[in-house]
Amino acid sequence: MKITINNKEIECQGDKTILEVAKENNIEIPTLCYQEGFEAKSVCRICVVEVNNKLLPSCSTKVEEGMIVNTESKKVLEARKINTELLMAKHNGTCFDEDKDHELCKIAKDVGIRQVRFDNHKKVYIVDKGVAIITDNNRCILCGRCVQACQMQNVNAIDFAYRSYHTKVTPAYENKLDDSVCVNCGQCLLACPVNAIYEKDDTESVLKALKTKKHVIVQTAPAVRASLGEEFDMPAGTLVTGKMVSSLRKIGFKKIFDTQFGADLTITEEAAELLERLKENKNLPMITSCCPAWIKYIEHFYPELLKHVSTCKSPHDMFGAIAKSYYKEKYKINKRDLVVVSVMPCTAKKFEIQRKELKKEVDYVLTTREIARLIKSKGINFNKLKDEEFDKPLGLSSGAGTIFGASGGVMEAALRTAYETATGKKLEMLEFNQIRGMSDFKEGSIIINNRIVNFAVANGLGNAKELLEQIKNKNCKYDFIEVMACPGGCIAGGGQPKPTNREIVEKRMQAIYLNDKNKKIRKSHENPAIIQLYKEFLGKPLSGKAEKLLHTSYIKRGT
């Protein structure tokens with residue numbers, strides 16, 4: 001059909017909304033409550049347009065033949081401005097602070113608002129300060145994006161409560177987030193357009209440790225190098241590994257190591273565990289354990305299936321365990337003086353290091369956004385830094401460790417090692433393209449010693465539920481399953497730069513796979529630092545020492 005937008009005739013499909021058609025034709029309409037991939041709720045009314053002298057929300061209004069749309073009429077601009085002012089009144093008017101750059105602030109500036117005319121008589125709420133995520137209802141504008149994100153994850157930890165003036169977003173019974181079924185994935189945080197949800201900031205604690213005589217080391221996750229540049233106005237998908245290392249040295253860390261080393265170690269242990277389970281035909285399918293949000297999800301909702309989860313610790317915690325044993329002994333560092341900091345794309349890692357089962361092997365977790373703020377606070381010109389390399393030996397890694405950051409990457413890395421260690425043969429093709437990309441669900445199979453091993457990858461917790469139901473009902477055909485809580489994997493984690501939309505995630509993903517392809521070593525078991533670690537310290541995968549340091553257990557949690 002044909003419609004007209006701002007005097008321009010446009011051909012379009014009849015099942016599209018005005019907003020979708022406008023975007024396809026590079027016509028900008030500001031939005032706030034709308035988020036791509038979710039049902040439009042038409043709550044904020046920022047996206048109003050004029051159709052036949054009527055103001056309609058473009059996010060939920062379907063196009064019709066001959067429709068005449070104006071996105072910039074006087075009536076539209078006036079309505080958009082007053083709607084923005086009303087939302088800002090709910091938000092306590094903090095948009096005029098110099099450091100405020102969230103979505104509502106940007107819209108306010110664009111529509112010409114410099115002060116809020118309406119008094120804010122909003123109820124004052126207590127800020128919920130969790131171990132990983134902080135929620136502040138005083139900033140909330142009730143757009144509902146966080147609720148939608150939590151529903152999409154099939155967690156449903158938060159929802160609207162009460163009515164009218166008393167409406168708020170809260171866990172059930174107004175419990176604290178830490179006392180709910182929240183898995184700390186941070187997708188609500190990425191969705192929030194007004195910073196009413198944000199991560200617990202640990203930068204001051206890290207700076208305090210750096211000012212002491214303690215031996216403070218840092219490790220950086222694979223996904224961070226593909227996204228950190230966005231915080232310094234670089235295009236999405238720009239690999240900034242060398243600049244990242246250089247900036248961390250300038251901040252004052254004693255050693256800069258790579259979580260990809262921990263990823264290679266995880267794969268070495270996980271592949272051995274998989275082969276053992278296949279041999280014994282026991283507790284199959286085996287499910288990956290790298291993602292702490294996923295682990296908390298299964299502990300809450302499917303604790304009876306915990307025997308299927310790999311006992312391997314996550315890569316950054318394996319690194320922490322090795323740092324506080326092998327590294328400490330090798331370089332004669334007093335354990336009380338050793339501080340391990342992880343730079344992660346993930347908010348759930350902040351929760352993970354509090355788990356009693358993990359014995360505080362990592363002291364602090366900083367998100368990608370936090371480390372960017374730390375770099376800026378030190379006055380470091382990130383874009384002009386010269387590239388530097390990670391320190392050895394815990395800075396050496398393979399391409400398999402790199403792809404941990406993308407959905408399907410853990411599975412692909414594990415299959416490379418499992419196949420070669422089981423058969424003694426070289427894999428002809430290292431790329432498992434059938435489990436790459438953003439699809440909700442991916443699957444494939446491989447023959448290992450005459451056995452067909454079926455594998456699957458779930459992208460997001462909502463999709464993981466379907467696989468868990470199959471296992472529960474004993475009709476699951478898979479032997480090995482990867483689950484990542486965040487859509488797209490760690491590159492879309494709750495600690496990543498905003499915005500984190502599908503287009504940006506795909507660019508980050510491409511960067512990670514390119515990094516893998518350009519690595520000289522592309523299999524975890526061929527990493528010389530991993531080989532040396534087993535020779536000098538661990539013995540072999542699944543040895544008594546490896547089990548003690550690198551494996552863990554899980555607990556049943558309430559719903």
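Glu-50 stands opposite Leu-55 in β4, where helices (H or I, at least four residues) and strands (E, at least two) are DSSP runs numbered from the N terminus. The model is a predicted one, in which local features need pLDDT of at least 70 and side-chain atom pairs count only at pLDDT 80 or more, while totals for chains, interfaces and linings use all residues. Residues are numbered from 1 along each chain as its sequence is written, and side-chain values use heavy atoms, with hydrogens and water left out.

Strand β3 (residues 48-51) and strand β4 (residues 54-57) run antiparallel and are joined by four bridges; two strands pair if DSSP finds at least two bridges between them. The two strands form a hairpin with two residues between them, and Asn-52 in the turn has a positive phi of about 55°. Most residues other than glycine have a negative phi, and most peptide bonds are trans.

Asn-7 has a positive phi as well, near 70°, and is found in the loop between β1 (2-5) and β2 (8-11). With 80% relative accessibility, Asn-7 counts as exposed; buried means under 20% relative accessible area, exposed over 50%, and partly exposed in between (1.4 Å probe, protein chains only).

Another hairpin is built from β16 (441-448) and β17 (451-459). Eight bridges join these antiparallel strands, and Ile-448 is opposite Arg-451 in β17. Two residues lie between the strands, and Asn-449 takes a positive phi near 50° there. At 48% relative accessibility, Asn-449 counts as partly exposed. In a regular strand the side chains alternate between the two faces of the sheet.

An open sheet of three strands has the order β6-β7-β10, and the pairing is antiparallel. The edges are taken by β6 (128-129) and β10 (197-199), each of which has a single partner strand, so one side of each is left without a neighbour in the sheet. Two bridges join β6 to strand β7 (residues 133-135), and the bridge partner of Asp-128 in β7 is Thr-135.

Among the helices, α16 (residues 502-517) has 16 residues and should span 22 Å at 1.5 Å a residue; its end C-alpha atoms are 23 Å apart, which agrees. The expected span of a helix is 1.5 Å times one less than its number of residues. The buried residues of α16 include Ile-504, Val-505, Arg-508, Met-509 and Asp-516. What covers the buried residues of α16 includes α8 (259-280), α13 (399-402) and α14 (409-423).

Of these covering elements, α14 is itself mostly covered, with 13 of its 15 residues buried. The 15 residues of α14 should span 21 Å at 1.5 Å a residue, and its end C-alpha atoms are 21 Å apart, which agrees. Just after α14, Gly-424 takes a positive phi of about 75°.

Helix α8 also packs against helix α10 (residues 315-330), at an angle of about 100° and with the axes 7 Å apart. Axes are lines fitted to C-alpha atoms, for helices over the stretch in contact, and angles run from 0 to 180 degrees between N-to-C directions. The helices α8 and α10 are therefore roughly perpendicular to each other (angles under 35 degrees count as roughly parallel, over 145 as roughly antiparallel, 65 to 115 as roughly perpendicular and the rest as oblique). The contact (heavy atoms within 4.5 Å) involves residues of α8 including Phe-261, Leu-265 and Glu-269, and residues of α10 including Pro-315, Phe-319 and Ile-322. The residues of this contact divide into seven nonpolar, four polar and one charged. Here Ala, Val, Leu, Ile, Met, Phe, Trp, Tyr, Cys and Pro count as nonpolar, Asp, Glu, Lys and Arg as charged, and the others, Gly among them, as polar.

The axes of α10 and helix α17 (residues 528-538) come within 12 Å and cross at roughly 75°, and these helices are therefore roughly perpendicular to each other. Ile-322, Tyr-326 and Lys-330 are among the contact residues of α10, and Leu-533 and Phe-537 among those of α17. The contact of α10 with α17 has five nonpolar, two polar and three charged residues.

Two loops contain cis peptide bonds. One joins Leu-284 and Pro-285, with omega about 0°, and Pro-285 lies in the loop between α8 and β13 (286-287). Another joins Lys-392 and Pro-393, with omega about 0°, and Pro-393 lies in the loop between α12 (368-377) and α13.
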